[in-house]
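Colleague: Please show me the model. I would like to ask about a few places in the chain.

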Amino acid sequence: MRSNNTKHSPSRLYRLALNAILLLLTLGWLSAQTTSGTASSPGQAALPQAPPASSQVQSPAAPIAASKPLVIIDPAHGGTESGAVLNPAVLEKDVTLALALRLRGDLNARGIMAELVRDADVALSVDDRAAKANSEHPALYICLHATSQAGPMRIYSSMIGEGQENNGPFVDWDTAQSASLAASRSTQQQMVAALQKRGISIRALQAPLRPLNNVTTAAIGIELAPTKADVAELMSADYQENASAALANGVAAAVLPAAATSGALQ
Ligand SMILES: [Zn+2]
């Protein structure tokens, strides 16, 4: 038996060794598969996929933020130039500034950026006001005035002729508005409709009101008027709140895409 065992043992040992080698090879192959498998999964997840996934979330937000229209609000008069003395206690420059500050907030609430030409009691020339507006390239420029005459609010567009020549890199200062006049008139009509919808009495006019002629973008003028004989109404919180919200709705209708204004604040 022993001799048999001894006789057979080399071939058994050989087979055992062969099996062991095969087993080791198999284990090695399996381990290589597992290693390459685990190495590839995080590679695929971490490399190209993660950044596109996050940029896809951000990219729709970025254009919306970048495409927010800008409106320049110009409270007429200021400083030593008080505008109309509506009554001894109510100066036009204060009425226009109060409304401008309120309108800025109401526009911001509707997703519209707004900047004021002046946010303090300072004097500025009409040329300075137009230059400031033109340098910002706004979607709309609005100047605010006020009168003591009771009646409808007035909304003005420039009276300049549409056929004025303004070609080339330089535009003539006095007719700078001509290229945007159609946009101004369209804005004027959209605002009239929005204000009337809110029950505000408003009248659309064309006037040689400076600096509308000098503004290179859509430009309108608003003249606030008391609904009754009492001009103090113009500074009252009720009047200002109502006028500002209505004007903001009108501006939103004019400068925002139609879909964005369907849910406009009322
Ligand atoms: Zn004025």
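Colleague: Which residues of helix 3 are buried?

Modeller: This is a predicted model, in which local features need pLDDT of at least 70, side-chain atom pairs count only at pLDDT 80 or more, and totals for chains, interfaces and linings use all residues. Residues are numbered from 1 along each chain as its sequence is written. Helices (H or I, at least four residues) and strands (E, at least two) are DSSP runs, numbered from the N terminus. A residue is buried if 20 or more other C-beta atoms, placed from the backbone, lie within 10 Å of its own, exposed if 12 or fewer, and partly exposed in between; in helix 3, residues 126–136, the buried ones are Arg129, Ala130, Ala133 and Asn134.

Colleague: Is histidine 77 buried or exposed?

Modeller: Histidine 77 sits in the loop between strand 1 and strand 2 (85–87). Its phi is positive, near 70°. Because 23 other C-beta atoms lie within 10 Å, histidine 77 is buried.

Colleague: What is omega for the bond between arginine 210 and proline 211?

Modeller: Most peptide bonds are trans. Proline 211 is in the loop between strand 7 (202–207) and strand 8 (219–224). The bond joining arginine 210 to proline 211 is cis, and omega is about 5°.
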